[in-house]
Amino acid sequence: LTSLEGLGFALDPLDRASYEREDASEMARLRARGDARAILIARDMPVLLKDGAALNPLLPMAEIEALGGARVEALLGVTPDGAPVFAALLRDETVEQQSDASDGFLDRRALVVPGRDDLKLIDLRSISAGGLVPPDQASMLGSAKALMHWHARRRFCSNCGAETLVSAAGWRRECPVCKMHHFPRTDPVVIMLAVDGDACLLGRQPRFPKGMYSALAGFVEPGETIEAAVRREILEEAGVECDAVRYFASQPWPFPSSLMIGCFAHARGRAFEVDRVELEDARWFSRHETRALLERRHPDGLVAPIPMAIAHHLIKKWAFEDVDFTQFAQH
Ligand SMILES: [Zn+2]
């Protein structure tokens, strides 16, 4: 069986306790527990506590008050040991930005909490890619970041413009004027490998690190099936027509709040025409070459994405095990 080892953000260990979110007294009881911990997010970046050489993303609840209070708190869930884990959105003023060298791929803002050398703000992509915290903690950080990104930008009712109130333990906002309920968004994105016999189609966006080729991807639109979105995106970006589509696996991708839906698509042929607005380049790679991309020994220095990304596992599955397109719906 295919191993998804290293896949980022897909190992959330929490019982989300969603059936208890409406119970305010239960929330207060959980929050007051001595083993309760908080994941702190400031300006979209996790705040980690230095613990010797290690970095701990699960801070004591008292840190919320110590850092000036939270704009929003949410119960993420309860660990297998029974400890409640909350997410808290700190006020922007709590942190200071020293520089910003972000490049559209990596968030390279240098943020600090003045007077707190024991705290470190690191962007989530670097935390996960660098293995700075264990995979289960990185998954919790992903949930916290995506949820707080939504709260930070959805204070006002999109229906009437009034300021909304946080409810359901941080998983809903309610409008006090028009009574509309607003829920945190997750945007479905299809990411797919088009294959034909011994070749697969990979492309590169201009913002990708040098030499990296990956599976094509795009947002699912209203009214579309996953299969139709897969076929449309491959046709739009590379001019390749596909028929059968097979689902592989999914991955929460908190940049800012997507769900990556990994699929394989069977191409009808290898003729293609790259959309230069979306892609810098696209190519068919043989299975032999694709293995070299994964193992970082391609003669031209080309590489596949790292295991943190589902694209790596899609490519690996096909390169080493192939894909069976029989028995799948063609709709
Ligand atoms: Zn409203």
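Begin with helix H6, whose buried residues pack against E14, strand E18 (281-286) and H7; here helices (H or I, at least four residues) and strands (E, at least two) are DSSP runs numbered from the N terminus. This is a predicted model, in which local features need pLDDT of at least 70 and side-chain atom pairs count only at pLDDT 80 or more, while totals for chains, interfaces and linings use all residues. Residues are numbered from 1 along each chain as its sequence is written, and side-chain values use heavy atoms, with hydrogens and water left out.

Within H6, select Arg287, Thr290, Ala292, Leu293 and Leu294, which are its buried residues, where buried means under 20% relative accessible area with a 1.4 Å probe and protein chains only.

Now select His298, which sits in the loop between helix H6 (287-294) and helix H7 (310-321). Is His298 buried or exposed? His298 counts as buried because its relative accessibility is 7%. If residues up to four places away in sequence are set aside, His298 touches Phe285, Glu289, Ala292 and Leu293, a contact being heavy atoms within 4.5 Å. With one of these, Glu289, the side chain of His298 makes a polar contact through the Glu289 side chain, at 3.0 Å; such a contact is a pair of N or O atoms within 3.5 Å, of which, within protein, one must be able to donate a hydrogen and the other to accept it, and residues adjacent in sequence count only if both atoms are side-chain atoms.

Technical notes: Buried < 20%, exposed > 50% of the residue type's maximum accessible area, 1.4 Å probe, protein only.
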